[in-house]
Amino acid sequence: MDYRKKIWLIFLVTLLITISVYLNRSFTSLGSSLYYFSLILSAILFVMLFLKEEVFNTWKRFAIIYVFVAMLIISFSPGGGGFIPFGYRDFFSYYFPISLFTTSIFITIKYIHKWSLPIIILLGHFAGMIIWYIIAVLI
């Protein structure tokens, strides 16, 4: 299968997940993280349509592992209560999609400037924390 067909297929699946979660109003911690991941993945996949196949393959290998590990961390992290006002699960459900987005941007830049992948992942997480902090302060 052509990589553009794969992108369109994954794009449609993530779009259906986004619409399904939104229409069902299932915005629990896991539902909201699934919603944000599918929303971010839809945006990234739209950009991937215009890039080379090697960029998509590198991003795909990274994204599969990243989303799987992030969903495990979100699933097993504690919710709110006690002295933690919002809980780690809520923090992770907002942070990981933002971090995936910024890291994906740096992965596409990697092919322009030939940076190493560990540096890109580190930069993506750092930029994700900065963006999450800005959003948290504005809200």
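## Basis

The model is predicted: local features need pLDDT of at least 70, side-chain atom pairs count only at pLDDT 80 or more, and totals for chains, interfaces and linings use all residues. Residues are numbered from 1 along each chain as its sequence is written, and side-chain values use heavy atoms, with hydrogens and water left out.

## Fold

The chain has five helices and zero strands. Along the sequence the pattern reads α-α-α-α-α. Helices (H or I, at least four residues) and strands (E, at least two) are DSSP runs, numbered from the N terminus.

Of the 139 residues in the chain, 36% are buried. Buried means under 20% relative accessible area, exposed over 50%, and partly exposed in between, with a 1.4 Å probe and protein chains only. Take the contacts (heavy atoms within 4.5 Å) between residues at least 6 apart in sequence: 63% of them join residues at least 24 apart.

## Helices α1 and α3

Helix α1 spans residues 3-24 and helix α3 spans residues 53-76; their axes come within 10 Å and cross at roughly 45°. Axes are lines fitted to C-alpha atoms, for helices over the stretch in contact, and angles run from 0 to 180 degrees between N-to-C directions. The two helices are therefore oblique to each other. Angles under 35 degrees count as roughly parallel, over 145 as roughly antiparallel, 65 to 115 as roughly perpendicular and the rest as oblique.

From α1, the residues Y3, K6, I7 and I10 meet E53, F56 and K60 of α3. By class, this contact has four nonpolar, no polar and three charged residues. Nonpolar covers Ala, Val, Leu, Ile, Met, Phe, Trp, Tyr, Cys and Pro; charged covers Asp, Glu, Lys and Arg; the others, Gly among them, are polar.

## Nonpolar core

The largest nonpolar core has 28 residues. Such a core is a set of buried Ala, Val, Leu, Ile, Met, Phe, Trp, Tyr and Cys residues joined through side-chain atoms within 4.5 Å. I7, F37, M48, F56, W59, F96 and L100 have the most contacts inside the core. Helices α1, α2 (29-48), α3, α4 (87-113) and α5 (117-138) each supply at least two core residues. Helix α3 gives the most, with eight.

Leaving aside neighbours within four places in sequence, M48 contacts Y3, I7, V55, F56, W59 and T108.

L41 lies in helix α2. L41 counts as buried because its relative accessibility is 14%. Not counting residues up to four places away in sequence, L41 touches T14, W59 and L100. L41 and T18 are 23 residues apart in sequence, and their C-alpha atoms are 10.0 Å apart.
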